[in-house]
Each structure stands twice: as structure tokens, then as C-alpha cells.
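Subject: Handover of a structure and notes on its contents

Dear colleague,

Please find below the sequence and structure that I am passing on to you. My notes follow directly after them.

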Amino acid sequence: MNLSFRRLAIFAAILSCASIATAASQQLNLFIWSEYIEPQVVSDFEKKFDCKVVIDLYEDAESMLAKIQGGGVSLYDVVVPPDHMVPAMAKLNLLAPLNREHIPNFKNIEQTFLNPPYDSGNKFTVPYQWGTVGLFVRSAKGKTVPDSWSVIFDAKQQDGQFVLIDSVRDMVGAALKYKGYSLNSVNPKELKEVRDLIASAKQRSTGFDGSVGAKNKVMAKSARAAIVYSGEGVRGMTEDKETVYIIPKEGSQIWVDNLAILAQAPHKALAEEFVNYILDGKIGARISSFTQFASPNRAAMEFIKPEDLKNPAIYPSPAVKAKLEFLQDLGPKTRLYDEIWTQIKAK
Amino acid sequence: MSQSLTKPNRKTSLWPILSPALLWLIVFFVIPLTIIIAISFFSRGDYGEIQLPLTLENYKRLMGFGLLGFDSLYPAILWRSLVLGALTATVCVIAGLPLAFFIARLSPRWKNFALTLVVIPFWTNLLIRTYAWQILLSPESWLSRCAHTLTGGMSGESLYPSTFAVVVGMVCDFLPFLVLPLYASVEKIDWSLAEAASDLGANKLNVFRHAILPQIAAGLIAGTILVLLPAIGQFIIPDLLGGGKTVMLGNIIQQQFSQSRDWPFGSAICVVALTFVIMGLWVRAWCGEKPKELR
């Protein structure tokens, strides 16, 4: 009995030492999309606040939510959910309300991005980057690339291999737009129709991949076309002049990704510092220049290269913007999407 | 049988020795399993929560009655997993039987060497072995070209990715699981029974059927089950060698716990898979008793 008590005491001592050690060196656990923050911005933050930033990555919003729900809520400090995921995460009590007093750079946010429908009063989130979903295509010499989702969904239009996007709302949304439906359709008939459409496209494709992976496949010429987010498309175009990012004429998706602090974040104070740091004008500009996504930061505009601001692939014209649609949280109807996604993957 | 010799009344003194294993099984097997079975009867919340009411809907959905009406997809995947598992086990038996007899007939030194050869593939990680098959079966490989020449260029399909490649990969992966228990029973064969049968006028087939097969049945069944059950649940090999388009049971389970966030449905699939395992073990227990009665 005595012996086991001593063992327990030693064990407790070791544990408390470990907790002291972690308290001494601050750490921020960031859960973010891949290739979505300039590495230098992160190391500058580490230097400024004498801490360590541990980054974990995801490629699609649903996997992010699954990981947060499966214990990530008390593991990570900051997460970057897309607009349509915010209501669900708020309802599930996964997000901590932001303390505006600790985030003075909140004033830098562009007026149009304040008080969004998915988070009224910016209770839980601040906008990080925004962009669109579109096609990234290698243009064959002497051929014009059709500015249509038919590149993917019309077997007759197929010209080489293509990659589908491994993200349910983005992929189903693309097919819905091709058919002329809303991105947020919950009509079982329409959903069945696009399910079969995607399943048949899958048979002709090289399979599913995340936006970054899909872009890399087109860059490496193992595929000719892919569904990507605008940032990947624009970065690809800059590296390889034969490639082009297209927002299809049938319309597409516009989205805003957001910074949020998790409800049980282990390092809340540092997380607030991080959110404030990202909203700094210069830092925001550096991030957008790196990711080639659009910035919702008014103070960042003067530091962003003018050619980026004029690039319609990053900041689409009002005429194009009119054809773009935001995803919405579909509440109970989200199940329909999960069901057809499982079926598409299994077919 | 000899069992009675090893069964002295020492049950109580065994507890200290057994308790670590027992604790391990309770904490890491019995409790999680109970949770999985329980979850499979819960409902999925709108955002992937596990919530009441208790329902059989997850099982109905697996039978094909989903949100969008009847779809034979899940029953088809179940069936496909069973067929591919059975096919793998059959090929393993065809390949493993002669091998086990061959090894049992070797001199003791060569026997150990041969057994080592059987086990050697385990020294390499499953993923690496599977990727190696991708290269070996790729359209430009010499193996593919040989197959192409042998079939006279008849088969339009390439060797990889295909169901053929999946079976090849699974047979290579699971063959040792069949050969080792089978070898153990082949080694113990009482050949005088075979001689007696042959003296009594049995032809070769009947000698095998009546004098040898009952003696190795236990090993054969154990080996077959050791191959069949993991083959049914396998998902890495179908994913890599089937081109990611041949989905098996394991693949849907994985998806339910990640992207779809539907733990109740995922658990229901696990429970059904588990039922197959239990049925397999039950068949083994049932068949395992028969040879004893014969003796």
C-alpha cells in the first residue's frame, strides 16, 4: 500500500513538472486549411510573443468540423471555418465569443464584411480571407477553354483527365450551378440528379482531391482540369502561364473564411493576440499576397500590390459577383448532402 | 482428450496472472464495443451529434432504405466485401494447401527456413507491399506485358487498377495467416491412418477425404477464418489497388467517422461487420467439434 502511494506521489510530481514546463513556453495551436498562411507571418508572431505556433491542417470543412467535434474543441486555440460552418459550430457551442476589447484591430475590417448573416454582430468570428470556387484548366494550344462547368460534367466536353474537389458542399454546389439550381438546394429531386451527375463524372475522373492537391496535379500535368479555390487558381496561373482560373458562366460559389477561437481553447489570451495580429493591415496584406485570396481588411488594401487588386480572378467584377452565391447552413437538411456524398463516394 | 490433464482445479490462483489481460480486454475491447453497439441505436443530430431517440434507422439505411428512397448501394457494398473476402480465402486455400504439405515434408532444417520465408513479407509494411504491387501491375510493367502476351492481347483491361489486383494484393497479404495454422495441423497428421485407408482399398481422393482432411480440418478452418474476416474488412488494399473506385465496407465506415460525421450509422456498419466475425467464429466452433466426434 505504502509503495503504491509513493508511486502515485512520484507520478503526480512528474505530471505537475510537465504542466509547469508547458506553462513556461506559450503555445498556440492553429487549425487551418493547407497553404493558407504565410510561414513568415507565423514565425514573426512567434518572435513577437515569444511562443510556439503548432499548425494542424485540413482540406475540407466537414473533416475540420469532425475533428473539432471529436475532441479538437479543447485541443486547438484558433480555427478558420468557412461562412456556412459558423452557425453549426456556434449552435454546438464549439466557439468562444470574441472579446472585442482585446482585438482593437477589429476596426480594420471592411464595412461590407461586418455583421454577416452567418454571425450577426460578429459575436464569434472575424473575416480572414474571401474567394470563389472555380475551374483551374491547362489550356491546350490553339484551343479556347470553355468557361463552363461542362468541362467537368459533360462527357462530350472532356479533353484529358480532371480532378474533382474532395469537399461535399463545394462539389455538389458546382454540379447544382451547372444544372442551373441554387447552391443551397434541398430539393431531393435536384440532389438526386446532381448525385448521378457527379457519380458519372467520378468514373471519368482521376478521383477526388483537396484544392491544393488538385492544383498541384494540373501543375504536374497529371490532370488537365480541376475544381479549386480562387487562391490556388491564381497562384497556379502566376507560376505557369499555360494555366487559367475560370469562374464558370453558370455561376459559382463565393465564400468568406473566418478566424474563430474555440470554446475550450487552452490558450485563449494568446489566441486573441493572434486574431488581433492577423487583422493588422500590413500582416493582412502579406497573407493575401501569399495566398492570392481576397482580403476583407480595409487597412490592408494600401499594402496589397495594385495588380492583385485589379485581378478579376481575385477580386471579381460586379457583373461576375452577381452570379456568385454564398453557401448557407442548411440545418437538418445537411443530412441530405451527407447521404448523397456517401453514395457518390461509394458508387 | 489430453485437455483433462491440463485442467487441475487451480482457477483461483490463476487470477493474478490473468488480470492484466482481463483488464486490457475490458478497457480496450469490452467497453468500447459496448459503446459502439449502443451508439448504433442512437440518432444523428443535425450537426453530427449523437442524440436520442433510440432508433433502428441506421440499420434500415444499411439495408438500403435511405433518406432518398431505396438504393441498393449499401447492400451491394456488403455483398461485394463478402465476395471479395471469400474469393481471397479460396485462392489462399488453393495456394496454401500444397504449400503446407510441402513444408511439412521437408527436413527440420529446411522446414524452419521455409517457414521463415512464409513470414518474411511481414517484415515489410503493408502499405509498401501494396505500393510495390501498384508498380508491378502497372500497364508498362513486364508482368502486365507477359499477361498481355499470354492472353493474346485479348483482355482490354489493364492489370491495375482492377479487382484482380485487389485479390492479388489481399492473397499476398493474408496467405501466411492460412499457411501457419494449416501447417501446424499438417505436421501432426497421423499418416498411419492414411496407410490404413489405402490398405483398405481407398483411392487417393478417398484417402484424402476420409483419412487426411478430418485431421487437418481444424487448422484449415482456423486459417480460412483468419483470412476471410480481415479480408472482408480490408480497405487500404481496395483503395490503392482498386483505384479508389471499388469501395468496400471499411471505406464507408471510415467516411462516416470523418467527413459525414455520422457516428450512429458508422457504428451500425461496424456492428454488422462484427456480426459477420461472430458468425465466422461460430461456424468455426461448430465445425471444430466435428472431427472429435469422428475420432
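At what angle do α14(A) and helix α3 (residues 73-105) of chain B pack, and how far apart are their axes? The angle is about 35°, and the axes are 11 Å apart. Please note that this is a predicted model, and that the values in this message were computed from it.

The crossing of α14(A) and α3(B) is left-handed. On the side of α14(A), the contact is made by A:Glu339, A:Thr342, A:Gln343 and A:Ala346, and α3(B) contributes B:Leu73, B:Tyr74, B:Ile77 and B:Arg80. Sorted by class, this contact of α14(A) with α3(B) has four nonpolar, two polar and two charged residues.

A:Trp341, A:Thr342 and A:Lys345 of α14(A) form the contact with B:Ile252, B:Gln255 and B:Gln256 of α11(B). The residues of this contact divide into two nonpolar, three polar and one charged.

Turning to the interface as a whole, 31 residues of chain A are in contact with 26 residues of chain B. The size of an interface is often given as the accessible area that is lost when the parts come together. Between chain B and chain A, the buried area is about 2,600 Å², and carbon and sulfur atoms give 53% of it.

The rule for salt bridges finds three across the interface of chain B and chain A. A salt bridge joins the side chains of B:Arg44 and A:Asp338, with 2.8 Å from N to O. Over all chains, the count by this rule comes to 21 salt bridges. Another pair is formed by the side chains of A:Glu35 and A:Arg235, at 2.7 Å from N to O. This pair links distant parts of the chain, 200 residues apart. A:Glu35 lies in the loop between β1 (26-33) and α2 (39-49) of chain A, and A:Arg235 belongs to helix α9 (residues 230-239) of chain A.

Helix α8 (residues 191-199) and helix α9 (residues 204-233) of chain B pack at an angle of about 165°, with their axes 9 Å apart. The two are therefore roughly antiparallel to each other, and their crossing is right-handed. In α8(B), the residues B:Trp191, B:Leu193, B:Ala194, B:Ala197 and B:Ser198 meet B:Val207, B:Ala211, B:Ile212 and B:Gln215 in α9(B). By class, this contact of α8(B) with α9(B) has seven nonpolar and two polar residues, and no charged residues.

Two details of the backbone remain to be mentioned. The peptide bond from B:Leu52 to B:Pro53 is cis, with omega near 0°. B:Pro53 is placed in the loop between β2 (50-51) and α2 (57-62) of chain B. In chain A, A:Asn122 has a positive phi of about 45°, although it is not a glycine. A:Asn122 is found in the loop between α4 (86-91) and β4 (125-138) of chain A.

With kind regards

Notes. Residues numbered from 1 in each chain as written. Chains lettered and ligands numbered in written order. Predicted model: local features only at pLDDT ≥ 70, side-chain atom pairs only at ≥ 80, totals over all residues. Heavy atoms only, no water. Contact = heavy atoms within 4.5 Å. Helix = DSSP H or I, 4+ residues; strand = E, 2+ residues; numbered from the N terminus. Nonpolar A, V, L, I, M, F, W, Y, C, P; charged D, E, K, R; others polar. Buried area = accessible area lost by both parts, 1.4 Å probe. Salt bridge = Lys/Arg side-chain N within 4 Å of Asp/Glu carboxyl O. Axes fitted to C-alpha atoms, helices over the stretch in contact; angles between N-to-C directions. Left-handed = near helix turned anticlockwise from the far one by under 90°. Parallel < 35°, antiparallel > 145°, perpendicular 65-115°, else oblique.
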